[in-house]
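Dear colleague,

Please find the structure below, handed over for your study.

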Amino acid sequence: MKPISTRVGLIIDGDNRFLGRSVFDDWATRLSSPTEAMMAALGVEVNAENAEAFRLIALCGMSPDARVWPLKLTRLISSWGDPVAGFFGAQLVTAGRVMGPGAAGGAALMLSWFDAHLGAKPTADEVAAALTRWKQEHPGPLLGFGVPFRPIDERRAAMIKLSHGQPVSKRRFWQLHLRLAEALPTVPPNVALCFAALLLDSGVPPEHCGLATSHLMSHVFLAHAIEGAKTDGAVNEWPTSAVEFHGTPARRIADERRATVPPALAREVAR
């Protein structure tokens, strides 16, 4: 068997090693919160500016309405009485780039493309030309833009307000995302574009921005998983009279005429 090569860490006598540092001697003095441990795992430098960026994402990512379908799925799975299954199972849907935390990953890839094709301080005309080229090369929705059912994304509005005048608002990708928003005044940006900018400025690779956002929004899933396991069990106890089914009627094997029955199944069909 081929040995595992890892830089993450190992257990040694009297200590653990994580990312090349002693857990109980070095990290014990460096880390002040679980979020900072996650920053380290993502390869982000643990400092006050990056910690503020992650705090803003965790704060403005609180979209706790149970009617949002990933959270509805959390409650559905948890309704069987197991919050662990609901918490981890429902978050598998965050891998997509269209909606939910995973959308920040697609927005990050787009921002990285614009950063590579524009200078440090692009003009409005240069941004507009880059937008035209992006649309030609990447058909489909513009990632990080569009707000369904309302004129603006209230989460992004809060993010702009909370970050105003702070060091995170002066960083490269944050300024780039503002220029892109100005170049598309008729299409409102959503909070995924903000998340992508903050994470990229913190040093998170674009392909990991969706995963990072998912982790920073996990407290919303956790709260619904715990509550759903306690209160939603009734959805699994509805009587047949409460269900109205529209579709193809259920079939009974005994009513079907089969020309042949595979030998391996003959005993089961005869029962």
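**The cavity**

Helix H9 gives the largest share of the lining of the largest cavity, namely 3 residues. The model is a predicted one, in which local features need pLDDT of at least 70 and side-chain atom pairs count only at pLDDT 80 or more, while totals for chains, interfaces and linings use all residues. Residues are numbered from 1 along each chain as its sequence is written, and side-chain values use heavy atoms, with hydrogens and water left out.

Rolling a probe the size of a water molecule over the atoms shows where empty space is left. On a 1 Å grid over the protein atoms alone, a cavity is a set of points where a 1.4 Å probe fits but cannot get out; a pocket is an open set with protein on both sides within 12 Å along at least five of seven lines; and lining residues have an atom within 4 Å of a point. Grid points are joined across faces, edges and corners, and a volume is the space filled by probe spheres set on the points.

The search of the whole structure finds 1 cavity of 30 Å³ or more. The largest cavity has a volume of about 60 Å³. Its lining consists of Phe114, Asp115, Leu118, Gly119, Ala120, Pro122, Arg172, Leu176 and Arg179. Two or more of these residues come from each of H6 and helix H9 (172-183); helices (H or I, at least four residues) and strands (E, at least two) are DSSP runs, numbered from the N terminus. By class, the lining has 5 nonpolar, 1 polar and 3 charged residues. Here Ala, Val, Leu, Ile, Met, Phe, Trp, Tyr, Cys and Pro count as nonpolar, Asp, Glu, Lys and Arg as charged, and the others, Gly among them, as polar.

**The second largest pocket**

The second largest pocket has a volume of about 230 Å³. It is lined by 14 residues, of which Thr94, Ala95, Gly102, Gly210 and Leu211 are the closest to its centre. At least two lining residues are supplied by each of helix H6 (103-117) and helix H11 (209-216), and H11 provides the largest share, 3 residues. The lining of this pocket divides into 5 nonpolar, 7 polar and 2 charged residues.

**The sheet**

Strands of a sheet pair through backbone hydrogen bonds, either parallel or antiparallel. In this model, 3 strands form an open sheet in the order E1-E2-E3, with antiparallel pairing (two strands pair if DSSP finds at least two bridges between them). Strand E1 (9-12) and strand E3 (21-22) are at the edges with a single partner strand each, so one side of each has no neighbour in the sheet.

E1 and strand E2 (residues 15-18) are joined by 4 bridges; Gly9 is partnered by Phe18 of E2, and Ile12 by Asp15 of E2. Their hairpin has 2 residues between the strands, and Gly14 in it takes a positive phi near 80°. E2 and E3 are paired over 2 bridges, where Arg17 has Ser22 of E3 as its bridge partner. In the hairpin of E2 and E3, Leu19 takes a positive phi near 55°.

**Two crossing helices**

How do helix H2 (residues 34-41) and helix H3 (residues 48-60) cross, and at what angle? Their axes come within 10 Å and cross at roughly 105°. Axes are lines fitted to C-alpha atoms, for helices over the stretch in contact, and angles run from 0 to 180 degrees between N-to-C directions.

With kind regards
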